[in-house]
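Trainee: I have a model open and I would like to learn how to read it. Can we go through it feature by feature?

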Amino acid sequence: MNRTTARENAFLLLFESSCKSDEVAEEIYSKAIEYRDIKCDDYVREVFFGVNENSRIISEEINNNLVGWNRARLSKVSEAILKLSVYEMMFLDDVPAMAGKHREFPSFLFVFSELRSMKCFTWRIFLRLFQ
């Protein structure tokens with residue numbers, strides 16, 4: 001599986017977990033593999049469980065850097081992209097580009113502006129996230 005597909009699958013799992021508060025991460029992960037045939041490699045597993053294990057730190061980073069926004073106003077898509085991106089910036093060494101597949105225009109601008117304001121953000125990461 002290539003990195004783009006792996007990242008897309010990690011995003012889908014994060015989006016799903018934001019919609020299913022009644023299931024734990026292990027259940028979501030195993031059901032996605034078993035019933036929906038989502039392909040998961042080491043990267044997908046690392047990111048999905050890494051975001052869940054570090055959710056407090058990631059949420060604090062997002063909350064501390066939201067400018068003029070309330071966390072409750074974030075769409076589930078924007079929130080999943082932010083969580084994935086913040087996890088990659090804070091915990092991974094190599095950050096791939098995020099394709100525009102989920103790029104709703106206002107959400108894309110919002111996510112970009114929020115990522116730009118975060119302490120862990122660098123232009124090197126920006127160039128990889130939004131090529």
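Trainee: What pattern does the protein follow when read along the sequence?

Mentor: Remember that this is a predicted model. Along the sequence, the pattern is α-α-α-α-α-α-α. The protein has 7 helices and 0 strands.

Trainee: What share of the residues in the protein is buried?

Mentor: Of the 131 residues, 48% are buried. Buried means under 20% relative accessible area.

Trainee: What do the contacts say about residues 24 or more positions apart?

Mentor: Take the contacts with a separation of 6 or more. Residues 24 or more positions apart account for 74% of them.

Trainee: Now the helices. How do I describe two that are packed?

Mentor: Two packed helices are described by the angle between their axes and the distance between the axes. Helix H1 covers residues 3–19 and helix H5 covers residues 76–91. Their packing angle is about 125 degrees, and their axes are 9 Å apart. That angle makes H1 oblique to H5.

Trainee: Is the crossing of H1 and H5 left-handed or right-handed?

Mentor: The crossing is right-handed.

Trainee: Which residues make the contact between H1 and H5?

Mentor: H1 supplies Arg7, Ala10, Phe11, Leu14, Phe15, Ser18 and Cys19. H5 supplies Lys76, Val77, Ala80, Ile81, Leu84, Ser85 and Glu88. By class, this contact of H1 with H5 has 9 nonpolar, 2 polar and 3 charged residues.

Trainee: At what angle do H4 and H5 cross?

Mentor: Helix H4 covers residues 55–65. The axes of H4 and H5 cross at roughly 105 degrees and come within 10 Å. Angles of 65 to 115 degrees count as roughly perpendicular. H4 and H5 are therefore roughly perpendicular to each other.

Trainee: Which residues of H4 and H5 meet?

Mentor: On the H4 side, look for Ile57, Ile58, Glu61 and Ile62. On the H5 side, look for Leu82, Lys83, Val86, Tyr87, Met90 and Phe91. The classes here are 8 nonpolar, no polar and 2 charged.

Trainee: Next, rings. How many aromatic pairs does the count come to?

Mentor: The count comes to 5 aromatic pairs. Start with Phe11 and Phe15. Their ring centres are 6.3 Å apart and their planes lie at 25 degrees, so this pair is stacked. Planes under 30 degrees apart count as stacked.

Trainee: Why are Phe11 and Phe15 separated by about one helical turn?

Mentor: Because they are 4 residues apart in helix H1.

Trainee: Is Phe11 buried or exposed?

Mentor: Phe11 is buried, because its relative accessibility is 2%. Phe15 has a relative accessible area of 29%, so Phe15 is partly exposed.

Trainee: What about the rings of Tyr29 and Phe48?

Mentor: Their centres are 6.2 Å apart and their planes are at 15 degrees, so this pair is stacked too. Tyr29 and Phe48 link distant parts of the chain, 19 residues apart. Tyr29 sits in helix H2, residues 25–35. Phe48 sits in helix H3, residues 42–53. Both Tyr29 and Phe48 are buried. Together with Phe49, they form one aromatic cluster.

Trainee: Can we finish with single residues? Where is Gly50 placed?

Mentor: Gly50 is in helix H3. Its relative accessibility is 5%, so Gly50 counts as buried. Set aside its neighbours within four places in sequence, and Gly50 is in contact with Arg45 and Tyr87.

Trainee: How many residues apart in sequence are Gly50 and Tyr87?

Mentor: They are 37 residues apart in sequence. In space, C-alpha to C-alpha, Gly50 and Tyr87 are 7.5 Å apart.

Trainee: And where does Glu23 lie?

Mentor: Glu23 lies in the loop between H1 and H2. With a relative accessible area of 16%, Glu23 is buried. Not counting residues up to four places away in sequence, Glu23 touches Ile28 and Lys31.

Trainee: What is the relative accessibility of Ser30?

Mentor: Ser30 has 37%, so Ser30 counts as partly exposed. Its place is in helix H2. Ser30 and Cys40 are 10 residues apart in sequence. C-alpha to C-alpha, Ser30 and Cys40 are 9.9 Å apart in space.

Methods:
Residues are numbered from 1 along each chain as its sequence is written. This is a predicted model: local features need pLDDT of at least 70, side-chain atom pairs count only at pLDDT 80 or more; totals for chains, interfaces and linings use all residues. Side-chain values use heavy atoms; hydrogens and water are left out. Axes are lines fitted to C-alpha atoms, for helices over the stretch in contact, and angles run from 0 to 180 degrees between N-to-C directions. Helices (H or I, at least four residues) and strands (E, at least two) are DSSP runs, numbered from the N terminus. Angles under 35 degrees count as roughly parallel, over 145 as roughly antiparallel, 65 to 115 as roughly perpendicular and the rest as oblique. A crossing is left-handed if the near helix is turned anticlockwise from the far one by less than a right angle, and right-handed if clockwise. Contact means heavy atoms within 4.5 Å. Ala, Val, Leu, Ile, Met, Phe, Trp, Tyr, Cys and Pro count as nonpolar, Asp, Glu, Lys and Arg as charged, and the others, Gly among them, as polar. Rings of Phe, Tyr and Trp (its six-membered ring) pair if their centres lie within 6.5 Å; planes under 30 degrees apart count as stacked, over 60 as edge-to-face and the rest as tilted. Buried means under 20% relative accessible area, exposed over 50%, partly exposed in between (1.4 Å probe, protein chains only).
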